[in-house]
Amino acid sequence: MGLKHILPGGGTSATTGGIFGAGSPTFLTSKVDWIVNWGRRNSLWPMPFGTACCAIEMMASAASNFDLARFGMERMSFSPRQADVLICAGRVPYKLAPVLRRVWDQMPQPKWCISMGACASSGGVFDVYSMVQGIDTIVPVDVYIPGCPPRPEGLIYGLMMIQEKIRQETLTRHFEHRAEDPTRVAKPQVGDLEVAELSGPFGNSTQQDQLSSGEVVREGSTSDDLLP
Amino acid sequence: MTDKKSGSGLDAVDEGPISSDSSSADHGGDEADASEHASVAALKQRFADAVVRHRVYAGGQHVVWIDPEKSHEILSWLQADPDHHYDMMSDVTAVDYGNGRPVNVVYQMFSTVHKRELRLRCELPLDALEIDSIVDLWKVADWLEREVFDLFGVTFKGHPDLRRILMPQDYAEGHPLRKDFPLRGRFSRAEQTRRALAQDVERFYRAEDLSAGHIPQEVAPVEVGTLAQGEREGNS
């Protein structure tokens with residue numbers, strides 16, 4: 001926003017274009033992109049949202065052995081207002097869902113989200129009444145880190161993927177990438193069908209054939225069928 | 001393979017899980033002589049008509065089933081009587097055995113004076129899940145009873161603040177630890193997500209819940225002075 005209006009010829013008009021090229025990169029925008037992205041990707045401040053054992057690994061990543069500060073994560077930002085990356089480390093129960101959503105809504109743009117570990121990404125083993133089946137039903141997620149819990153190397157790799165994602169962003173397009181509908185604040189991130197699909201097919205130990213909506217996907221199968 | 005001893009613990013492993021359909025009223029445990037435990041003997045003598053049965057589990061845990069109507073009377077006597085003096089309520093919990101069988105409310109007590117342990121159980125039929133609150137006897141029972149109310153739906157008569165404690169305040173799917181509760185809840189995941197995000201989180205906590213470092217009303221005047229000196233805000 002800022003640079004566009006300060007530099008001469010800035011603007012988003014499709015006819016005039018100006019030096020920002022109206023959607024297509026020019027020499028100047030690609031150089032500005034480079035310097036903006038360089039700054040952003042090397043000064044990411046994570047907002048730690050640690051709820052379970054993944055948070056222990058997250059703390060280990062920040063401590064001296066793995067030293068997240070090498071990558072510019074100089075400071076864990078315990079206030080969402082000063083954070084760039086939301087690291088959701090651990091399982092999120094439905095009671096905590098509005099808190100996670102509000103933390104995300106409070107973070108200023110540009111912002112990214114990491115879903116760390118199996119529980120945050122899919123609900124993990126907690127396919128039960130109280131647990132959010134993947135935080136991507138609540139907030140948009142950029143990087144999923146598998147593992148239970150992931151090792152610090154995994155988290156660092158995930159953060160480096162965020163850095164890579166930032167490196168590829170361009171000034172001419174990233175505003176539309178990150179456009180969020182303000183009326184969807186505190187609303188589910190995806191629609192009903194997607195929620196059912198995301199949280200559906202895994203089943204649980206006693207009912208392997210049911211979607212969360214109660215719909216039976218494999219008629220007549222029992223948990224005995226899954227024994228070797 | 002060695003020959004199996006009948007009744008060894010490993011037999012149960014071979015048999016696998018026991019279905020909760022088995023409707024036999026077998027309470028497990030061993031028949032026991034009330035004279036082994038002073039409080040049980042006293043209970044049987046004083047409240048003969050309120051004691052339903054008495055068993056021993058795990059070699060030394062005496063369990064007494066009592067009439068829920070008389071639970072408050074019996075518990076207050078066990079707490080107050082100098083020969084028993086159960087001053088510590090370790091746990092208040094409940095068990096649902098499923099298949100329409102009664103929910104058991106369990107009181108686990110310990111006497112720090114006599115170094116004695118006792119467990120009382122009250123059977124509540126599913127259509128009358130009500131029992132007297134014991135918050136007036138043991139303050140610790142406040143949150144424990146709220147937990148049992150939240151997860152099993154047992155109403156504690158006379159409880160000062162009977163709200164849900166673990167599940168969200170406006171949770172509408174029932175009581176999750178009941179055997180008839182489906183593992184993934186009653187609503188679809190989409191509906192659960194929508195309801196979760198629509199929660200008004202701040203409304204669920206009272207102002208005094210959110211303020212840190214306030215002085216509880218019940219603290220003795222001497223301790224109030226000590227607390228005020230070390231209080232985070234307001235010390236000069």
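**Figure 1. Overall organisation of chain A.** Among the contacts of chain A between residues at least 6 apart in sequence, 71% join residues at least 24 apart; two residues are in contact if their C-beta atoms, placed from the backbone, lie within 7 Å. This is a predicted model, in which local features need pLDDT of at least 70 and side-chain atom pairs count only at pLDDT 80 or more, while totals for chains, interfaces and linings use all residues. Residues are numbered from 1 along each chain as its sequence is written, and chains are lettered from A and ligands numbered from 1 in the order in which they are written. Chain A holds 8 helices and 4 strands, which follow the pattern α-α-β-α-β-α-β-α-β-α-α-α along the sequence. Helices (H or I, at least four residues) and strands (E, at least two) are DSSP runs, numbered from the N terminus. Of the 228 residues of chain A, 33% count as buried. A residue is buried if 20 or more other C-beta atoms lie within 10 Å of its own, exposed if 12 or fewer, and partly exposed in between, with C-beta atoms placed from the backbone.

**Figure 2. The largest nonpolar core and its contacts in chain A.** The largest nonpolar core has 41 residues, and those with the most contacts inside it are Leu86(A), Ile87(A), Cys88(A), Leu100(A), Ile114(A) and Met116(A). Strand β2 (residues 85–89) of chain A gives the most to this core, with 5 residues. A nonpolar core is a set of buried Ala, Val, Leu, Ile, Met, Phe, Trp, Tyr and Cys residues joined through C-beta atoms within 7 Å. Not counting residues up to four places away in sequence, Leu100(A) touches Phe49(A), Cys88(A), Val92(A), Ile135(A), Ile138(A) and Val139(A).

**Figure 3. Phe49(A) in strand β1.** Phe49(A) is placed in strand β1 (residues 46–50) of chain A. Phe49(A) counts as buried because it has 26 C-beta neighbours inside 10 Å. With residues up to four places away in sequence left out, Phe49(A) touches Leu86(A), Ile87(A), Cys88(A), Ala89(A), Leu100(A) and Val103(A). Phe49(A) and Met116(A) are 67 residues apart along the chain, and their C-alpha atoms are separated by 9.9 Å.

**Figure 4. Packing of helices α3 and α6 in chain A.** Helix α3 (residues 53–62) and helix α6 (residues 152–167) of chain A pack at an angle of about 75 degrees, with their axes 8 Å apart. Therefore α3(A) is roughly perpendicular to α6(A). Axes are lines fitted to C-alpha atoms, for helices over the stretch in contact, and angles run from 0 to 180 degrees between N-to-C directions; angles under 35 degrees count as roughly parallel, over 145 as roughly antiparallel, 65 to 115 as roughly perpendicular and the rest as oblique. Glu57(A), Met58(A), Ala60(A) and Ser61(A) in α3(A) meet Pro152(A), Leu155(A) and Ile156(A) in α6(A).

**Figure 5. Two cis peptide bonds in chain A.** Gln109(A) and Pro110(A) are joined by a cis peptide bond, with omega about -5 degrees. Pro110(A) is in the loop between α4 (97–106) and β3 (112–116) of chain A. A cis peptide bond also joins Cys148(A) and Pro149(A), where omega is about -10 degrees. Pro149(A) belongs to the loop between β4 (143–145) and α6 of chain A.

**Figure 6. Helix α4 of chain B.** Helix α4 (residues 141–152) of chain B has 12 residues and reaches 15 Å from its first C-alpha to its last, close to the 16 Å expected at 1.5 Å a residue; the expected span is 1.5 Å times one less than the number of residues. α4(B) is mostly covered, as 9 of its 12 residues are buried. Among them are Leu144(B), Val148(B) and Phe152(B). What covers the buried residues of α4(B) includes β4 (88–96), β5 (103–111) and β8 (155–157) of chain B. Gly153(B), with a positive phi near 80 degrees, follows α4(B).

**Figure 7. Two loop residues of chain B with positive phi.** Most residues other than glycine have a negative phi. Asn99(B), in the loop between β4 and β5 of chain B, has a positive phi near 55 degrees. Asn99(B) counts as exposed because it has 12 C-beta neighbours inside 10 Å. Lys115(B), in the loop between β5 and β6 (116–124) of chain B, has a positive phi of about 55 degrees. Lys115(B) is exposed, with 7 other C-beta atoms within 10 Å.
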